[in-house]
Amino acid sequence: MTNRIAELRKGRRISQAELADAVDVTRQTIISLESGRYNASLLLAHRIARYFGLTIEEVFLFEEDTP
Amino acid sequence: MKGTRIGNTYLPAFGLVAAVGLGVAAMILGDQLASSISGLCFGLAGAVGGLSGSRLAMAHFDRTWTEEQRKELERAERDERNIAIREKAAYSSWYWTLYLLWGVFFLTLILGSGFPTALVSVVIVLHCVFYMVNMNRWTKRL
């Protein structure tokens with residue numbers, strides 16, 4: 001599973017620490033999510049997607065769905 | 001607040017003093033004590049000293065933390081990645097402890113010692129039983 005967290009975050013000029021604060025995780029978790037080392041739980045995925053005002057599918061991309 | 005101070009400062013300080021006293025007493029008495037009693041005293045002194053010392057150190061750090069640092073620490077505690085790390089570490093630790101116990105078990109078999117072999121067997125069984133009990137507990141919960 002890949003995600004667009006880094007792209008969306010940079011697009012909105014938000015720091016990793018700010019995003020981490022907003023979704024109540026550590027900055028290290030955001031770093032791991034962005035690098036693809038860690039996959040978010042459904043709850044965290046929902047919080048991140050809601051933070052960006054998008055759906056989970058728009059932020060998190062399953063390998064089989066990516067072109 | 002008063003109760004917190006007793007639990008975080010006075011009780012651990014008393015525990016640390018008692019542990020040091022017990023260790024020193026066991027050292028001074030030396031040969032006058034049976035080896036099992038001496039071992040028990042040193043073991044108890046180490047355990048109580050370690051627990052009390054770490055409690056005192058935690059209380060000290062807790063006092064020096066700012067509100068921001070405390071929030072960050074609480075967040076790190078409930079962070080889902082950190083929880084996943086702890087679970088994975090505990091899971092692999094369980095296997096490593098089991099391998100270690102089997103190693104000690106075979107060592108006692110080779111050395112031909114009866115009681116330690118039985119003791120290690122019991123610990124291996126308990127180690128697996130606790131695992132199965134917890135598996136059952138979590139199967140019901142999740």
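Predicted model: local features only at pLDDT ≥ 70, side-chain atom pairs only at ≥ 80, totals over all residues.
User: Why does chain A count as compact as a globular protein of its length, and what is its radius of gyration?
Analyst: The C-alpha atoms of chain A fill a box of roughly 30 × 20 × 20 Å along the principal axes. For 67 residues the globule rule gives 11 Å, and the value for chain A is close to that, so the chain is as compact as a globular protein of that length, with a radius of gyration of 11 Å.

User: Which residues have the most contacts inside the largest nonpolar core?
Analyst: The helices α2 (16–23), α3 and α4 (42–52) of chain A each supply at least two residues of the largest nonpolar core. That core has 13 residues, and those with the most contacts inside it are Ala20(A), Val23(A), Ile30(A), Ala45(A), Ile48(A) and Val59(A).

User: Which residues does Ile48(A) touch, not counting residues up to four places away in sequence?
Analyst: Ile48(A) is among the residues with the most contacts inside the largest nonpolar core, and so are Val23(A) and Val59(A). Leaving aside residues up to four places away in sequence, the residues that Ile48(A) touches are Ile5(A), Val23(A), Ala40(A) and Val59(A).

User: Where is Arg13(A) found, and what is its phi?
Analyst: Arg13(A) is found in the loop between α1 (5–11) and α2 of chain A, and it counts as exposed because it has 7 C-beta neighbours inside 10 Å. Although Arg13(A) is not a glycine, its phi is positive, at about 55°.

User: How far apart in space are Glu58(A) and Asn3(A), C-alpha to C-alpha?
Analyst: Glu58(A) is found in helix α5 (residues 56–59) of chain A, and with 12 C-beta neighbours inside 10 Å it counts as exposed. In sequence, Glu58(A) and Asn3(A) are 55 residues apart, whereas in space their C-alpha to C-alpha distance is 8.6 Å.

User: How many residues of chain B are in contact with chain A?
Analyst: On the side of chain A that touches chain B, the largest share, 3 residues, comes from helix α3 (residues 27–35) of chain A. The residues on that side of chain A divide into 3 nonpolar, 5 polar and 1 charged. In the contact as a whole, 9 residues of chain A meet residues of chain B, which number 6.

User: Why is chain B described as more spread out than a compact globule, and what is its radius of gyration?
Analyst: Chain B has 5 helices and 0 strands, and its C-alpha atoms fill a box of roughly 60 × 50 × 20 Å along the principal axes. Of its 142 residues, 4% count as buried. The globule rule gives 14 Å for 142 residues and the value for chain B is well over this, so the chain is more spread out than a compact globule, with a radius of gyration of 21 Å.

User: How far apart do the C-alpha centres of domain 1 and domain 2 of chain B lie?
Analyst: Chain B is divided into domain 1, residues 1–78, and domain 2, residues 80–142. The separation between the C-alpha centres of these two domains of chain B is 27 Å.

Key. Residues numbered from 1 in each chain as written. Chains lettered and ligands numbered in written order. Contact = placed C-beta atoms within 7 Å. Helix = DSSP H or I, 4+ residues; strand = E, 2+ residues; numbered from the N terminus. Nonpolar A, V, L, I, M, F, W, Y, C, P; charged D, E, K, R; others polar. Domains from an automatic or database assignment. Core = buried A, V, L, I, M, F, W, Y, C linked by C-beta atoms within 7 Å. Buried ≥ 20, exposed ≤ 12 C-beta atoms within 10 Å, placed from the backbone. Rg over C-alpha atoms; globule rule 2.2 N^0.38 Å.
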